[in-house]
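Please keep the sequence and the structure in view while reading.

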Amino acid sequence: MVNTSRLIENLITLAASGQTAPWQRPWSGGDSPRNRVTGRKYSGGNVLNLAWAQTLHDYPTSEWMTYKQAAETGAQVRRGEKSQLIEFWKMIPRKDASGDVQIDGAGNPCYRPMLTCFHVFNVAQIDGAEPQQTTLTGPGLDDQAVQAINDLYQRHGITWAAGGDRAYYRPATDEIRLPVSEAFKDGTAYATTALHEAGHWTGAAHRLARDGIVKGTQDNYAFEELVAELTAFIAATELGIGYDPQANGSFEMLNHGAYLAGWSQGNIERLRQAVPAAQKAAKYLIPTETPARVAI
Ligand SMILES: [Zn+2]
């Protein structure tokens, strides 16, 4: 077993230093809600509404379209699907009684704002409109790292699917969702993301029963994120994925540091408290003693 304590200490020091850049999502593909047909990203309050609806209904994509847009592309909104309301302010030329556009003192036309509403559906609610796969921008994958993760997932019988542009563990169905491996910048990025979600997976009631997963309240959610990220760090180190113990300035190290700094809000004691839980989770994922095979 790799002695990870010094690495963890380095990581905590890094997270506490305030020297980390903002955390970077290690895969490509837009996360913010956008229109499937025009490709335009939604703005203002629409972003929050659509992102919330996507999370609530567990849609695998952040692409939306109107009923009419779906019909025009030969697709069909499924019967009974509910839409989301989005709002735009349009500037309409102000007209006088005779129907002419009013002109202000400087000779410019006068406008008035008009609220326009649209109903949009997520692509996942539409037959004939498959969620688009994320574009391939990575330099290629380190097959060994991807293979190590696939083996680990298989060994534990983890239920998971690839696709969409989000990575998450869903306690209600005990499933993991990851973007396709080709969407990641490299095998290490894929592996650490997959291990982070596997970290959450260990928290289920019938495994290590952590409050962040079992109770899922806002308060212990941040702590659960610290546990999952530290689990990914420890497990990746033990699998020999992506970590050169001499190179503390690696992208992964800095990105783990940034993530932990964000979720701990500078509370380093809280971060330290997450270490034993993460060590337990990593041990669950990678048992040190392999049980002897039973001869039949
Ligand atoms: Zn997480």
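This is a predicted model: local features need pLDDT of at least 70, side-chain atom pairs count only at pLDDT 80 or more; totals for chains, interfaces and linings use all residues.

Asp-174 sits in the loop that runs between β8 (168-170) and β9.

- Asp-174 is not a glycine, yet its phi is positive, near 55 degrees.
- Asp-174 counts as partly exposed because it has 15 C-beta neighbours inside 10 Å, and the partly exposed class lies between the limits of 12 or fewer for exposed and 20 or more for buried.
- Ala-209 is found in the loop between α5 and α6 (211-214).
- The phi of Ala-209 is near 45 degrees, again a positive value in a residue other than glycine.
- Ala-209 is exposed, because 12 other C-beta atoms lie within 10 Å.

**The chain as a whole**

- The protein chain contains nine helices and nine strands.
- The chain has 296 residues, of which 33% count as buried.
- Among contacts between residues at least 6 apart in sequence, 74% join residues that are at least 24 apart.

**The nonpolar cores**

- In soluble globular proteins, nonpolar side chains tend to be buried together.
- The largest nonpolar core of this model has 45 residues, and Ala-191 and Val-227 touch the most other members.
- Two or more residues of this core come from each of α1 (5-16), α4 (143-156), β9 (175-178), α5 (187-201), α7 (218-239), α8 (251-264) and α9 (268-285).
- The largest share of the core is given by α7, with eleven residues.
- Leaving aside residues up to four places away in sequence, Val-227 touches Gly-199, Arg-210, Gly-212, Ala-274, Ala-277, Ala-278 and Ala-281.
- Another core, of twelve residues, lies apart from the largest one and includes Tyr-42, Trp-64, Val-120 and Val-123.

- The twelve residues of α1 reach 16 Å from the first C-alpha to the last, close to the 16 Å expected at 1.5 Å a residue.
- Which residues of α1 are buried? They are Leu-11, Ile-12, Leu-14 and Ala-15.
- Seen down the helix axis, the buried residues of α1 fall within an arc of 160 degrees, so they line one face of the helix.
- The face of α1 turned away from the buried side carries the exposed residues Ser-5, Arg-6 and Glu-9.
- After α1 comes Gly-18, with a positive phi near 70 degrees.

Conventions
Residues are numbered from 1 along each chain as its sequence is written. A nonpolar core is a set of buried Ala, Val, Leu, Ile, Met, Phe, Trp, Tyr and Cys residues joined through C-beta atoms within 7 Å. Helices (H or I, at least four residues) and strands (E, at least two) are DSSP runs, numbered from the N terminus. Two residues are in contact if their C-beta atoms, placed from the backbone, lie within 7 Å. The expected span of a helix is 1.5 Å times one less than its number of residues. The arc is that of the directions from the helix axis to the C-beta atoms.
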